[in-house]
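Hello,

Here is the structure you asked about. My notes on it follow below.

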Amino acid sequence: LVSIESLQLPGYFLTIKAMKAIFEIGKRDGSNELLPPPKEQLFIVNRSRFRKIANGITINPLVNSQKALTTDGNFFYFEKLGNDTDSVRDTTIFPIKSMCQKKDYISFATVPSTTINVMAVHKYSLKEYQKTKEDKLAKMGCFKFQEIEHEKYIVFKHLTSGKYIKALPDGTVILSGTEITAQHKFLLRGTFRSGDEETGAQSKVTLGTPQNTFLGQTNVNLIDAKGSAVSKNTLMNVLFDGTAWNIINQDRFLSSLDDKTLSFDLDKPLITPEKRNKINKITQVAVYGPALGNKKRFQIQEIFEPK
């Protein structure tokens with residue numbers, strides 16, 4: 001979670017106003033000390049889905065994380081994230097060496113086409129400019145990202161029932177409610193969007209509340225995180241299958257067969273293995289159990305709350 005200050009406009013911070021991306025002055029107290037930024041000046045930095053550039057990022061406003069900073073080739077604005085190639089490209093910027101050569105400042109370029117364009121301040125807006133060595137552009141194209149201390153939560157919406165995963169006071173975890181409350185917010189420990197660069201293995205995470213950890217496999221409930229060692233039973237993968245997310249613990253998928261209770265189940269489990277004769281000819285095909293389908297699929301929403 002960050003605020004973004006302009007070198008061209010000291011004390012002015014990127015702000016979302018409807019679809020506009022503008023710079024507004026930061027609020028100060030009676031002693032002229034900078035106050036914590038309002039939510040309209042806070043942004044989430046995510047890795048871009050544009051894979052042609054390894055270090056591409058997207059900038060999402062805290063007040064509406066479904067939108068992203070987008071370029072139309074001229075000006076920047078905020079628009080709802082899309083899945084098509086053009087949308088993914090236009091919401092991608094990538095860091096380059098600071099054009100102003102100042103410590104703590106950074107510059108950004110858009111996805112290259114015929115020219116290399118950079119993001120820079122134009123009056124109080126953001127605009128694309130072709131990269132040059134002009135001193136004026138160097139100052140216009142430099143920004144300071146200030147990290148804001150925060151807590152990160154995640155909520156899961158079941159695809160078939162439309163209900164959210166909810167933690168009850170007794171530690172039971174169920175599907176309940178179609179509006180997000182405090183009991184639907186789980187703390188996320190770890191980064192599920194990245195994997196091991198050498199093996200490609202997806203990073204594992206734990207999910208829970210400030211006091212407890214989400215337990216998998218045997219019982220879907222919360223356990224005392226302080227009194228229990230983090231084991232493979234509590235480590236999970238949160239994986240994207242192309243259109244929705246799966247929560248996986250040791251090859252079992254978190255699912256709901258009745259749209260209320262939760263369990264970790266095998267998807268298409270092997271019931272009877274295939275049989276072959278002495279000349280390796282199949283005499284009986286393998287029999288598998290039913291597929292979980294959408295019962296194991298969730299939509300997710302990440303929630304950032306400044307401390």
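What share of the residues of the chain count as buried? Of the 307 residues, 42% do. Please keep in mind that this is a predicted model.

The chain has two helices and 28 strands. Among contacts with a separation of 6 or more, 48% are between residues 24 or more positions apart. The accessible surface is about 17400 Å², and carbon and sulfur atoms make up 49% of that surface.

As for I165, leaving aside neighbours within four places in sequence, its contacts include F156, L254 and F298, along with V173, I174, L175, F186, I247 and L262. Q183 and H184 are also in contact with I165.

Two loop residues other than glycine have a positive phi. A18 has phi near 60 degrees and sits in the loop between strand 2 (12-17) and strand 3 (20-25). Q101 has phi near 55 degrees, and its place is the loop between strand 8 (93-96) and strand 9 (107-110). Are these residues buried or exposed? A18 is exposed, because its relative accessible area of 63% is over the 50% cut-off. Q101 is exposed as well, at 66%.

Regards

Conventions. Residues numbered from 1 in each chain as written. Predicted model: local features only at pLDDT ≥ 70, side-chain atom pairs only at ≥ 80, totals over all residues. Heavy atoms only, no water. Contact = heavy atoms within 4.5 Å. Helix = DSSP H or I, 4+ residues; strand = E, 2+ residues; numbered from the N terminus. Buried < 20%, exposed > 50% of the residue type's maximum accessible area, 1.4 Å probe, protein only. Areas by Shrake-Rupley, 256 points an atom, 1.4 Å probe, with all protein chains shown as cover.
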